[in-house]
Amino acid sequence: MKSIVSALRWIARLDGLAALILGVILWTGNGSYLKLHIMLGFILTLVLLLAGLMGFFARLKPVLPLVAILWAVSLPYIGFAQLKLMPGSSHIAIQVVHLLIGLCGIGVVEALGAKIARQA
Ligand code: HEM
């Protein structure tokens, strides 16, 4: 259990960092990495789902596993929705929300992974 959780944490860190770097490149107006960015985003989504399920199996209090599953749903939802939401000068707001949800997704895997490792 501990080694799977440790692997998930490392995947979230490295994959999240790569998604962040590509996101910043997208922000500068270079759209050619969008597909790769979305693929990395979905890997983080999968890691969040797995970490959430493992939290339930490890019999943690359900709050953090539920947060992980909620995050796994909202990350791709906001990621795609931002293409249509708040066009114009206020678009920056939804971009920042998307960035924060992405970064917090890495944090949720970290927090949950640490708790599962302590429990195991
Ligand atoms: C399934 C997950 C994800 C999807 C579907 C997704 C989708 C997208 C899309 C479609 C864009 C381009 C938006 C535009 O051209 O206006 C974008 C941009 C961006 N993404 Fe993601 N993304 C995901 C995960 C992440 C993660 C995990 C991070 C950070 C850790 C991140 C950070 C960014 C940043 C900084 C930008 C550029 C600014 C912006 O447009 O928001 N994304 N993403």
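Select the iron atom of the ligand: its site is octahedral, with angles of 86 to 180 degrees among 6 donor atoms. Octahedral here means six donors, opposite ones over 155 degrees apart and all others between 65 and 115. Donors are N, O and S atoms within 2.8 Å of the metal (3.2 Å for Na, K and Ca); water is not among the atoms, so sites may look incomplete.

Next, pick the protein donors, His-37 (NE2) and His-98 (NE2), lying 2.0 Å from the iron. His-37 belongs to helix 2 and His-98 to helix 4, so the pair ties together parts that are 61 residues apart in sequence. Helices are DSSP runs (H or I, at least four residues), numbered from the N terminus.

The model is predicted: local features need pLDDT of at least 70, side-chain atom pairs count only at pLDDT 80 or more, and totals for chains, interfaces and linings use all residues. Residues are numbered from 1 along each chain as its sequence is written, and side-chain values use heavy atoms, without hydrogens and water.

Now select Gln-95. A polar atom of its side chain lies 3.0 Å from an oxygen atom of the ligand, a polar contact being a pair of N or O atoms within 3.5 Å.

Then show the shell around the ligand. Helix 2 gives the most, 7 residues. By class, the shell has 13 nonpolar, 11 polar and no charged residues. Of the 24 residues around the ligand, Gly-23, His-37, Gln-82, Gln-95 and His-98 come nearest; near means a heavy atom within 4 Å.

Definitions and conventions:
A polar contact is a pair of N or O atoms within 3.5 Å; within protein, one must be able to donate a hydrogen and the other to accept it, and residues adjacent in sequence count only if both atoms are side-chain atoms. Helices (H or I, at least four residues) and strands (E, at least two) are DSSP runs, numbered from the N terminus. Ala, Val, Leu, Ile, Met, Phe, Trp, Tyr, Cys and Pro count as nonpolar, Asp, Glu, Lys and Arg as charged, and the others, Gly among them, as polar. Four donors count as tetrahedral if all angles lie between 85 and 135 degrees; four count as square planar and six as octahedral if opposite donors are over 155 degrees apart and all others between 65 and 115; anything else is irregular.
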